[in-house]
Amino acid sequence: QALSEIEGMGGRGSNLQEMRVRPLAKRRIDVHSFCNPSGFQRSPYLSARGNFANVFQGSTEEGYNAYHADKYDEDKNPNGIINFGTSENKLCFDLMSKRLTQADMNVMDPSLLQYPDWKGHLFLREEVARFLTYYCKAPAPLKAENVIVLNGCGSLFSALATVLCDPGEAILIATPFYGGITQSIFLYGNVKLVYVYLDSKITGTSTRPFQLTVEKLEKALQDARAEGVTVRALILLNPQNPLGDIYSLSELRDYLEFAKRHELHVIVDEIYMLSVFDESATFHSVLGMDRLPDPQRTHVMWGITKDFAVSGIRFGTLYTENQDVANAVASLCYFHGVCGPVQYKVAQLLRDRDWINQVYLRANHARLKAAHTYVTDELKTLGVPFLNRNAGFFVWIDFRKYLKTGTFEEELLLWKRFLDNKVLLSCGKAFECSEPGWFRIIFADKAHRLQLGMQRIRKVLEEREQEILAEEKEQPCQSDQDGKADSTDEVIFVSRHQDPICASSSSLGDLIGLLQQQMRSSDWLQKNTAEQFA
């Protein structure tokens, strides 16, 4: 079915209206999101699944291929592509390389060179249990028997999808979400995703953009069931990628109670739990709750990739009280195991609580906060709205005012324009965002790359702004309120650039944004006389 859809596909984009009227059963595959069917030919050497895997790729795979062929290097390739698209922490390589090469890490015991328990060496699982007990603030000590170790959280998603769902069944997830999950659960297990579409609209004083609610979960689940789709689980990302949201305890409880009512498993991905870099934000782990509504169907994932800035070390861990799930996942660890010497190093790292608290986390949080402040200050200067959060490595940015028609095709063109100007971002379609024009930028990078990358972004946006201004001068002044982000404390809002003759109907915030944008242009005073402005 997937292959026949690829061969019959036309353009790569679709708008939200088309997405919602398309039958849910087909939407769950949504090959537009992760396949590149251009020039697709069936290979006689591959099975149907092999052919599908051959063309399966992220919607911005073109960008990553371009980046790997033309990486920025301050000395060797200063005109290369700067990568603000891959969610990696590049701020703490100095700390980690020093710690991972100290004498206590360099052990090569014979037991580390033999096959381990497929769940992971017991010494490591015991250390993971102690680590999660401490940092998740668990009310009682967590148990090593409930810990399973795999080579990364992508493998964990694959394993869980395979053991919790049959082929063709589905898992519920709110959009926008980290798009790699689609690949993780689909390629091996042939499990689909049912989307809970969130949007940026504010409906009241207590709401926020892209807010997940039980009502939205209920609607998506009932719509799926009405079309005969079997939903087995719910995925929660906390902190959320790409939004940066941290769920409150009451929200987590509501989501888990919803899942219990419908007998859904809940897969909670907490891989950014130690990357909350501002004291004003508090992270609550599911493992820290006094009581889980359905402990046998609640499964928590974490790994060292993000929080310890070592994405090249593939290590993820699952905590579940359900021994049937634990044993089933462990059977797949044969294919996704972590080598013995790395297991030893990770255990040594996790038990060094003094170094983690006094050295690493202090430095990492300070560096993340400084980098986040720099990028968000630049966005404010540019008059670009964004979600102001304090977790993860990313900022969710509203570039909708730079789209004239507001389509995913135009979003892709803007993404390619950034790439042509040697900066790689991630566009909203890669996260299944329902609104064209949202982008994710990764800020966890060194200052010189952030500065140069933001200069390149500024250049693209100012050129695009001038093009829109030129087009607007040829058209009657029109209201531009549709499609904006709402003005709240959580969204830094500056309105779309408007021609001065339209400004009389704008709010004070609109005028401030207008002035900020116009005054950055060196020839603004020459083009705009006092008479015209009046």
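What share of the contacts between residues at least 6 apart in sequence join residues at least 24 apart? In this chain, 74% of them do. Keep that in mind as you click through. The model on your screen is predicted.

**Stop 1: the whole chain**

Show everything as a cartoon. The chain has 534 residues, and 55% of them count as buried. Its secondary structure comes to 20 helices and 14 strands. The accessible surface is about 23300 Å². Carbon and sulfur atoms account for 51% of that area.

**Stop 2: T317, in a strand**

Select residues 316-320. This is strand β8, and T317 is part of it. Is T317 buried or exposed? T317 is buried, because its relative accessibility is 1% and buried means under 20%.

Now show the side chain of T317. It reaches the backbone oxygen of I148, at 3.2 Å. Next, display the residues that T317 touches, leaving out those up to four places away in sequence. Among them are V147, I148 and V149. V128 and L156 also touch T317. So do V300, M301 and W302.

**Stop 3: two cis peptide bonds**

Go to T175 and P176. The peptide bond joining them is cis, with omega about 5°. P176 sits in a loop, between β3 (170-175) and α9 (180-186).

Jump to N238 and P239. Here too the peptide bond is cis, and omega is near -5°. Where is P239? Look in the loop between β5 (231-237) and α11 (249-261).

**Stop 4: F210, a positive phi**

Select F210. This residue is not a glycine, yet its phi is positive, at about 55°. F210 belongs to the loop that runs between β4 (192-197) and α10 (214-226).

**Stop 5: helix α16 and what follows**

Select residues 408-420. This is helix α16, which has 13 residues. Draw a distance from its first C-alpha to its last. The helix reaches 18 Å, close to the 18 Å expected at 1.5 Å a residue.

Which residues of α16 are buried? Colour these: F408, E410, E411, L414, W415, F418 and L419.

Now step past the end of the helix to K422. K422 follows α16 and lies in the loop between α16 and β11 (423-424). Its phi is near 65°, a positive value in a residue other than glycine.

**Stop 6: a nonpolar patch on the surface**

Finish on the outside. Select Y115, W118, Y334 and F335, and show the surface. These residues form a nonpolar patch. Together they have about 560 Å² of accessible area.

Zoom in on F335. This residue is in helix α13 (residues 323-336). Is F335 buried or exposed? F335 is exposed, because its relative accessible area is 59% and exposed means over 50%.

**Before you close the viewer**

T317 is buried at 1% relative accessibility. F335, at 59%, is exposed.

How values were computed. Residues numbered from 1 in each chain as written. Predicted model: local features only at pLDDT ≥ 70, side-chain atom pairs only at ≥ 80, totals over all residues. Heavy atoms only, no water. Helix = DSSP H or I, 4+ residues; strand = E, 2+ residues; numbered from the N terminus. Expected span 1.5 Å × (residues − 1). Buried < 20%, exposed > 50% of the residue type's maximum accessible area, 1.4 Å probe, protein only. Patch = residues over 30% accessible without salt bridge, like charges linked within 9 Å, V, L, I, M, F, W, Y side chains within 5 Å. Areas by Shrake-Rupley, 256 points an atom, 1.4 Å probe, with all protein chains shown as cover. Salt bridge = Lys/Arg side-chain N within 4 Å of Asp/Glu carboxyl O. Contact = heavy atoms within 4.5 Å. Polar contact = N/O pair within 3.5 Å; in protein donor to acceptor, adjacent residues only side chain to side chain.
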